[in-house]
Each structure stands twice: as C-alpha cells, then as structure tokens.
Amino acid sequence: MEEEVLNKIKQGDQHALAEVLKDHYEFLFKYTVQLTGNKEMAKDITQETMVKVIHSIHKYEKRAKFSTWMIQIATNIFLDMKRKEKRRKQYLKENEGSFDYKLTIENGWSETLEVLSSLEDSYRIPILLKHLYGYEYKEIGEMIGLKAGTVKSRVHYGLELLRKEMEADE
C-alpha cells in the first residue's frame, strides 16, 4: 500500500479504505479457501478479517506488505476458530454422559434451547459463551464485564438450573 493512501486511511478517508479492502478481497478469499478447504468457512474468515482490518488499520505500519498483514490476521482468526472448536469438542467428550442433554447444534437442541431461553440473561449468556462457543472464563468475563470467578459461578449455577428444568420436563 502506498504511503499516501495509508495516510488518507489513517486520517479517516473511508473511500480510500473501501477501495483498499475491495482490491484485496479476492486475494484474501482465495487464501482462506486454500487455508480451510471450505468455501463457507473461508467466507466467514474473510469477512471477519475485513472487520478486524477496519478496526485495526491504525495499527498497520509499512514494515510488511498490506496483503501479508491481512494474511496474518486471517491465519490467526482461522487458528482461533480451530482452537475454540477443539475446546468445544474436548469439553463435550469429557462431559459425555454427565448431562442428559447436549449443547450442540448437530442434534438441533430445540428442547435445550427452549429451556435455556427461559434462563435469565446473566446465566444464559455465560453458558452459551462457555459451552457452545468454547471461550475461557477470563475471556467471557472480559466480554461481559465480570470477573472470571463470577462467570464460573454463573455458568455452574445456570447449568444446575438448566438440569433441574430438563429433569422436571421428563
């Protein structure tokens, strides 16, 4: 990226930013398709990368090519997604049989979703972030403005409420 264009973008020129993103979109998408082997996942990663670039463009310095910087962001997003999925699968494997329900999209989880939606937000949100999206307690706390210990206790208490409600429905 030329220094002049970068300066315009850093000064808030939205048109210049849009042009740069448009110019790099196809390149980035092709990379993410090759990275993931999955067009849908590649679309998600490309979009998330574009959003992150928009929010982080002020941090870009011309030490590396702009496309290299974007690839680094996309690769990190992909690796984060893989780690979260691995944590989610590991959690489900470790807790298999400990609940009568599973918080997985694969089985539709309509009954669980119905019961889960009846929980207060203060319990439901941490449960979803922990057990469906695989975030750590500290990460969840940062997202919703609570200490990790508070998040952990809300997840625990929320799951207890969920178990009781699911047992009562049987």
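Asp121 is partly exposed, with 44% relative accessible area (partly exposed lies between buried, under 20%, and exposed, over 50%, using a 1.4 Å probe and protein chains only). This is a predicted model, where local features need pLDDT of at least 70, side-chain atom pairs count only at pLDDT 80 or more, and totals for chains, interfaces and linings use all residues. Residues are numbered from 1 along each chain as its sequence is written, and side-chain values use heavy atoms, leaving out hydrogens and water.

**Overall fold**
- The chain has eight helices and zero strands (DSSP runs numbered from the N terminus: H or I of at least four residues for helices, E of at least two for strands).
- Of the 170 residues in the chain, 34% are buried.
- Among contacts (heavy atoms within 4.5 Å) between residues at least 6 apart in sequence, 56% join residues at least 24 apart.

**Salt bridges**
- The structure holds seven salt bridges, each a side-chain nitrogen of Lys or Arg within 4 Å of a carboxyl oxygen of Asp or Glu.
- Asp121 pairs with Arg124, with the closest N and O atoms 2.2 Å apart; both sit in helix α6 (residues 121-132), three residues apart.
- In helix α2 (residues 14-36), Lys30 and Glu26 are four residues apart, about one turn of the helix, and their closest N and O atoms are 3.2 Å apart in a salt bridge.
- Lys30 is partly exposed at 48% relative accessibility, while Glu26 is exposed at 52%.
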